[in-house]
Amino acid sequence: MGGQVRDRIRVYAWVGGNRPGDIEASAKRAIEDGFSATKMNITEEMQVVDQMRQVDAAVERIARLRDVVGNNLDIAVDFHGRVHAPMAKVLIEAIQPYRPFFIEEPVLSEHLETMAALRRQTHIPIATGERLFSRYDFKRVLTLGAADIIQPDLSHAGGISECKRIADMAESWDVALAPHCPLGPIALASCLQVDAVCQLAFIQEQSQGIHYNRENDLTRYLMNPEVLRFDQGFVQIPQGPGLGIEIDETQVRAAAATGHRWRNPIWRHADGSLAEW
Ligand SMILES: [Mg+2]
């Protein structure tokens, strides 16, 4: 894969959930756990053109958090595809004084032309890519100048080999890499192999404590959980054969007996129309 360029990579922790309330408590916990970066959802449902009090609520969310953590924590902000073009520019303008680390999916990645315009509007780095699935999708991001950070998901975008190609292409545009990974240990260990060899990888998402998967520990399926241990906001690149993890097949069989049926929550606007989750 071209050789390892780093020994470890910075990781970030999710704070809060879809709804406001426990953001400050989970941010304090993240600092106690040694993290120096977090990500949070900034809005709930947002209509294509919404009321100013919704904007005020978003500002309040990041303002309160910034107040609590000062400069000890970088705060990435995820619009989560919930926001459309007319409100995205208003929201970005409103929250940028609180210095977000980056803004993720200011609009859905179907709207790359809008995203490129938003990127020109703000000095805050723009991130996207969890809903893009090939080097050809990412070619459009780069040629349109839609993002400063790409976030391919190895489980969706062709795995290690395709995401390495995507990252190499992005490097020639001076665009950073932060693979999307709110998933399990195999996906995370795969991301770390790509992070290890890509010069512009700077941070790795991971699912410890993520709000929609509270029951499962990230390392539950591993015989060697210590390889994915976080230390002062970093994780070492695993050095063992393969992905460097050993799977606990008993745990996998037990989980397979239950199976899973992931469905996005269904959100609706006040008028009954469907809202993006
Ligand atoms: Mg996201």
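Residues are numbered from 1 along each chain as its sequence is written, and side-chain values use heavy atoms, with hydrogens and water left out. In this predicted model, local features need pLDDT of at least 70 and side-chain atom pairs count only at pLDDT 80 or more, while totals for chains, interfaces and linings use all residues.

Helices (H or I, at least four residues) and strands (E, at least two) are DSSP runs, numbered from the N terminus. Buried here means under 20% relative accessible area, as against over 50% for exposed and in between for partly exposed (1.4 Å probe, protein chains only). Cover is present on both faces of β2, with A37, K39 and N41 buried on one side and T38 and M40 buried on the other.

Two strands are taken to pair if DSSP finds at least two bridges between them. Strand β1 (residues 8–14) pairs with β2 in the parallel sense over 2 bridges; A13 has T38 of β2 as its bridge partner. Strand β3 (residues 74–78) also pairs with β2 in the parallel sense, over 5 bridges, and V77 of β3 is the bridge partner of M40. Together with helix α2 (residues 52–69), β2 and β3 make a right-handed β-α-β unit; right-handed means that, with the strands pointing away from the viewer, the path from the first strand over the helix to the second runs clockwise.

The axes of α2 and helix α3 (residues 85–95) come within 10 Å and cross at roughly 40°. Axes are lines fitted to C-alpha atoms, for helices over the stretch in contact, and angles run from 0 to 180 degrees between N-to-C directions. In this contact (heavy atoms within 4.5 Å), M52, V55, A58, V59 and I62 of α2 meet M87, V90, L91, A94 and I95 of α3. The contact residues divide into 10 nonpolar, no polar and no charged.

T128 lies in strand β5 (residues 126–128) and counts as buried because its relative accessibility is 0%. Leaving out residues up to four places away in sequence, T128 touches E105, S109, M115, F138, V141, A147, I149, I150 and Q151.

G16 is placed in the loop between β1 and α1 (23–32). With 4% relative accessibility, G16 also counts as buried. The C-alpha atoms of G16 and A27 are 7.7 Å apart, at a spacing of 11 residues along the chain.

Note on methods:
Ala, Val, Leu, Ile, Met, Phe, Trp, Tyr, Cys and Pro count as nonpolar, Asp, Glu, Lys and Arg as charged, and the others, Gly among them, as polar.
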